[in-house]
Amino acid sequence: MAIKSVQAKQVKQLNFWEKLYLPEIARGLTLTFKQVFTPKFTREYPEERFIPAGSYRGRPVLVEEENGERCVACGLCSRVCPAIAIEVQAGETTREKERYPSKFEINMLRCIYCGYCEEVCPEEAIVMSKDYELVFTNVEDAIFGKDRLLMPVSQLQDRLEFLRQYRG
Amino acid sequence: MELLDIGILAAKIFIVLHVFLIGAAYVVLYERKLSAWVQKRVGPNRVGWRGSLQSFADVLKLVKKENIVPKAAHQGFHFLAPIITIAIAIALWCVIPFAGPFTVAGKVIDLTIAPGLDVGILLLLALSSLGVYGITIAGWSSNNKYSLLGGLRSAAQMISYELSMGLSLIGMMLVMGSLNVSEIVVQQSGYWFGFLPKWNVFVQPIGFLIFLVAAFAETNRAPFDLAEAEPELVGGFHTEYSGLRFGLFFLGEYGNVILMSALMATLFFGGYNAPWLQDLAFFQQNEVLRAVLQIGAFSFKTFMLVTVFIWVRWSIPRFRYDQLMNLGWRVMFPIALLNAVTTAVVLQAIRS
């Protein structure tokens with residue numbers, strides 16, 4: 001099949017006033033001038049913070065109840081984590097819930113906020129929080145241990161409610 | 001020349017220089033604010049009251065930065081280029097009158113650095129065409145192909161638009177019959193039909209329009225900022241500049257914007273004349289107050305024209321290179337020429 005050569009055509013024929021440039025430029029200038037008086041879009045960040053909805057995937061945290069964390073140190077989150085950011089070591093107690101994580105660390109430099117850990121957790125013990133302000137000044141600071149990962153269940157109600165709806 | 005005259009001259013130069021430099025710094029802030037408003041943003045508002053000290057923070061940052069000169073660059077010219085740019089932007093202020101002459105203690109003070117210069121406009125055109133050297137030398141001496149392209153583009157652009165710029169002034173000069181800037185301003189002080197100020201923009205609207213477009217091209221500002229064209233040329237002629245030398249280019253650009261605005265205010269908008277206001281008996285009697293009013297009027301006109309510069313920059317997209325050349329040579333040049341010829345013919349018809 002022969003390839004036909006296609007003549008490129010100017011799609012829009014400009015009329016006389018459009019060819020003059022100036023009226024169109026004046027139109028553009030009025031458009032930008034109107035924008036000056038419209039309400040601004042900027043959020044003044046440190047004073048005015050963004051409060052995310054329950055579906056927001058912030059930094060993963062461990063759910064803390066009155067008698068300690070929910071986590072039973074099964075290690076599923078650590079296995080599923082695509083970025084290999086989670087490290088869990090199990091310990092045993094004499095309480096009714098026998099296992100607990102003696103060490104639970106998330107390397108926040110590796111974490112990609114995918115939420116797989118939350119999805120795989122059988123105990124709903126690790127969930128994504130609303131916390132998005134993560135700042136560290138050195139690499140050691142970026143590895144979050146249990147001290148920084150535990151968050152009381154009362155602060156996570158939005159997320160838990162969202163998960164309940166989402167899972168049906 | 002007496003010692004007192006030299007003192008007055010030095011004071012005038014000192015004031016103009018400092019007002020110009022601080023004004024250029026504040027135009028940078030104003031541009032950032034206005035561009036923010038056009039884009040529904042707030043703009044810098046952290047340093048000082050509503051960001052009023054932002055320009056000083058910017059300058060401080062540039063001063064603190066290391067000045068890097070590429071190894072392959074031509075050391076001498078690389079050093080010289082920003083100086084040429086800023087020196088020309090400053091030197092041109094010598095012919096612009098800021099207010100009418102007034103008398104203090106029997107001494108007439110003319111608020112122009114070089115009063116009564118009979119070749120004022122020629123000097124303006126000559127000096128402003130030197131501006132192309134700063135940019136071209138910067139592009140060439142950097143030994144960087146993008147810089148060189150930017151420098152060459154700007155050389156071609158500025159030379160092309162200078163023609164239209166000069167021609168657009170010819171009509172105005174014919175009407176005024178003088179090249180002396182102070183005299184041109186004085187001639188614009190009356191009224192037509194008793195109410196319309198005798199500004200050149202009403203006599204030479206086409207000349208003004210061409211001068212305005214050429215001024216955009218001469219200052220290398222959008223929509224004619226092909227010399228820097230970030231998407232194509234990294235930063236154009238100032239890619240290889242850093243620290244204070246980059247700061248000088250930056251200052252030169254904004255200085256040129258103020259200068260061109262002041263020029264347009266002087267040549268087309270009646271300069272320091274404050275119509276109606278300066279005819280009040282109060283200002284007629286008190287010469288010093290009248291000078292203050294005139295400085296205010298001049299600053300206001302310049303400020304409004306600077307606003308137009310910034311407003312246009314944030315509204316209109318950049319021209320392509322061939323479009324730029326087409327506009328310059330095929331549209332603006334013939335119109336400017338026609339304008340000059342028509343003015344000459346009409347003037348001759350009126351006079352004979």
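1. A nonpolar core here is a set of buried Ala, Val, Leu, Ile, Met, Phe, Trp, Tyr and Cys residues joined through C-beta atoms within 7 Å. A residue is buried if 20 or more other C-beta atoms lie within 10 Å of its own, exposed if 12 or fewer, and partly exposed in between, with C-beta atoms placed from the backbone. In the largest such core, which has 81 residues, Phe211(B), Ala214(B), Ile258(B), Leu259(B) and Met264(B) touch the most other members. Helix 10 (residues 243–268) of chain B gives the largest share of this core, 15 residues.

2. Before you read on, a word about the model and its labels. It is a predicted model, where local features need pLDDT of at least 70, side-chain atom pairs count only at pLDDT 80 or more, and totals for chains, interfaces and linings use all residues. Residues are numbered from 1 along each chain as its sequence is written, while chains are lettered from A and ligands numbered from 1 in the order in which they are written.

3. Let us look at chain B as a whole. It holds 13 helices and 4 strands; helices (H or I, at least four residues) and strands (E, at least two) are DSSP runs, numbered from the N terminus. Buried residues make up 42% of its 352 residues. Along the principal axes, the C-alpha atoms of chain B fill a box of roughly 60 × 50 × 45 Å.

4. Which residues does Ala214(B) contact, leaving aside its neighbours within four places in sequence? They are Tyr161(B), Ser164(B), Met165(B) and Ser168(B). Two residues are in contact if their C-beta atoms, placed from the backbone, lie within 7 Å. Of the contacts in chain B between residues at least 6 apart in sequence, 77% join residues at least 24 apart.

5. Now find Leu277(B), in the loop between helix 10 and helix 11 (281–285) of chain B. Is Leu277(B) buried or partly exposed? It counts as partly exposed because it has 14 C-beta neighbours inside 10 Å. Apart from neighbours within four places in sequence, Leu277(B) is in contact with Phe283(B) and Leu293(B). Its C-alpha atom is separated by 9.5 Å from that of Gln294(B), 17 residues apart along the chain.

6. Next, the place where the chains meet. 10 residues of chain B are in contact with 10 residues of chain A. On the chain B side, helix 1 (3–38) and helix 12 (287–313) are the elements that give two or more residues. That side divides into 7 nonpolar, 1 polar and 2 charged residues; Ala, Val, Leu, Ile, Met, Phe, Trp, Tyr, Cys and Pro count as nonpolar, Asp, Glu, Lys and Arg as charged, and the others, Gly among them, as polar.

7. Finally, turn to some strands of chain A. Strand 3 (residues 86–92) and strand 4 (residues 99–107) of chain A run antiparallel and are joined by 7 bridges; two strands pair if DSSP finds at least two bridges between them. These two strands form a hairpin with 6 residues between them, and Ala90(A) stands opposite Pro101(A) in strand 4. Strand 4 of chain A is also joined by 2 bridges to strand 6 (residues 143–144) of chain A, and this pair runs antiparallel. There, Asn107(A) stands opposite Ile143(A) in strand 6.
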